[in-house]
There are 2 protein chains.
Amino acid sequence: MSKIVHVVEDIMSANDDLAAQNQYKLNTARVLGMNIMASPGSGKTSVILRTIEALRDELRLSVVEGDTAPVSIDADKIIQAGMTAVQINTGGNCHLDANMLRQALPELPLGEIDLLIVENVGNLICPAGFKLGTHFNVVIASVPEGDDKPYKYPNIYRGIDALILNKTDLLPYIDFDVDYFKRGVQMLNPDVVFFDVSCKTGAGVDVWASWLKNRVRAFQAQQG
Amino acid sequence: MSKIVHVVEDIMSANDDLAAQNQYKLNTARVLGMNIMASPGSGKTSVILRTIEALRDELRLSVVEGDTAPVSIDADKIIQAGMTAVQINTGGNCHLDANMLRQALPELPLGEIDLLIVENVGNLICPAGFKLGTHFNVVIASVPEGDDKPYKYPNIYRGIDALILNKTDLLPYIDFDVDYFKRGVQMLNPDVVFFDVSCKTGAGVDVWASWLKNRVRAFQAQQG
């Protein structure tokens, strides 16, 4: 008699349970968790550094850095900016999962922060499938990646609250149809909020940072 | 009594067997197979179109397009350039595998071509783990992705023969240390051959195309 083994279902269900536990810990500490996903080289760490710069006097924040290799290039930059960073080395795996974040949480000063930024592994596909326990998802796209990405990698755009279009300073040098790009995202996700940003010049960072700060304050008010 | 289930090993071993069968089919037809891997938006399809343009009078080639979604944006471009293209929709999966290529091969005019270009799914992590049966691997990096990628995503650079650095026309506008980037790749892979290319201006395409043509000719001479 044959037996069906539900390995994938079990893995996803176990991940969802751990994600719920992570979110409970964050809620108890009144920490809003944000999961940032993007292609390699879209500027995830640069956006985080600009966000720290913009909000350092108003919000206390920490960063979890997801890397596929043990190098700590990104975590070092966060620490140089004066914030706590914990690196998760996935050992070649293509995404973070809830169990990895669970192991990172005890290393973080949850009682002393308002916002936890999780920088996922650079990948437009795999991170979309795994809940971490953070409260919302953001994708960073960048102008040089091309305006057709929502049409070619649709899944990652579906569950996000905000999309940051980074490297807008390169628009004069690259054929990138901003309307075509945004229409592609909106077809998948009508409620997404867009932010046009250049981490190089700083353009648009204030609007993004203000939205993020309001989101943290609303969350904390809700938690009481 | 517990029993260890070697699911992952079995999957990889089955993939390697199918890859060997694919390579046998290519060898029999005297077709050199090239697997192109890269981040989303590095310019894989643009490099392929430039390669077609440069070699169309000297080599007969076909293209397999790996996509995570059913949109055929890239395959359409290849067909518009007058070449046969077969699209593999991975259904959300983050890489091609040998079984997918096996199913695509009968759709290709193997008896009438010299070179089969396989454009893998845009991803710097997952494609590195799966042999397809092609004869060699190429990674396309692009200047806007940043010069630290070999340090952060090392696995993909290990098994490649050539690295194309694309979008060199953007070097004046982006902080990208070409030496630091290439040193990172060479640490992982001392024998890699570098090609600096701009698909926008066409700079460097001739050197790349010449290397590729010589490689096809050497392969065909070897097959007799």
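1. A definition to start with: two strands count as paired if DSSP finds at least two bridges between them. In this predicted model, strand 2 (residues 61–67) and strand 4 (residues 115–119) of chain B pair in the parallel sense over five bridges.

2. In chain B, seven strands make an open sheet with parallel pairing, ordered 3-2-4-1-5-6-7. Strand 3 (84–89) and strand 7 (193–196) of chain B are the edges, each pairing on one side only. From one strand to the next, the twist averages 20°.

3. Helix 3 (residues 73–80) of chain B packs on this sheet, where it touches strand 2, strand 3 and strand 4 of chain B. The direction of helix 3 makes about 165° with that of strand 2 of chain B.

4. Over in chain A, which residues of helix 3 (residues 73–80) are buried? They are Asp74(A), Ala75(A) and Ile78(A). Viewed down the axis of helix 3 of chain A, these buried residues fall within an arc of 100°, so they line one face of the helix. As a reminder, an α-helix has 3.6 residues a turn, so residues three or four places apart point the same way.

5. What do those buried residues of helix 3 of chain A pack against? Their partners in chain A are helix 2 (44–55), strand 2 (61–67), strand 3 (84–89) and strand 4 (115–119).

Definitions and conventions
Residues numbered from 1 in each chain as written. Chains lettered and ligands numbered in written order. Predicted model: local features only at pLDDT ≥ 70, side-chain atom pairs only at ≥ 80, totals over all residues. Buried ≥ 20, exposed ≤ 12 C-beta atoms within 10 Å, placed from the backbone. Helix = DSSP H or I, 4+ residues; strand = E, 2+ residues; numbered from the N terminus. Arc of directions from axis to C-beta. Contact = placed C-beta atoms within 7 Å. Axes fitted to C-alpha atoms, helices over the stretch in contact; angles between N-to-C directions.
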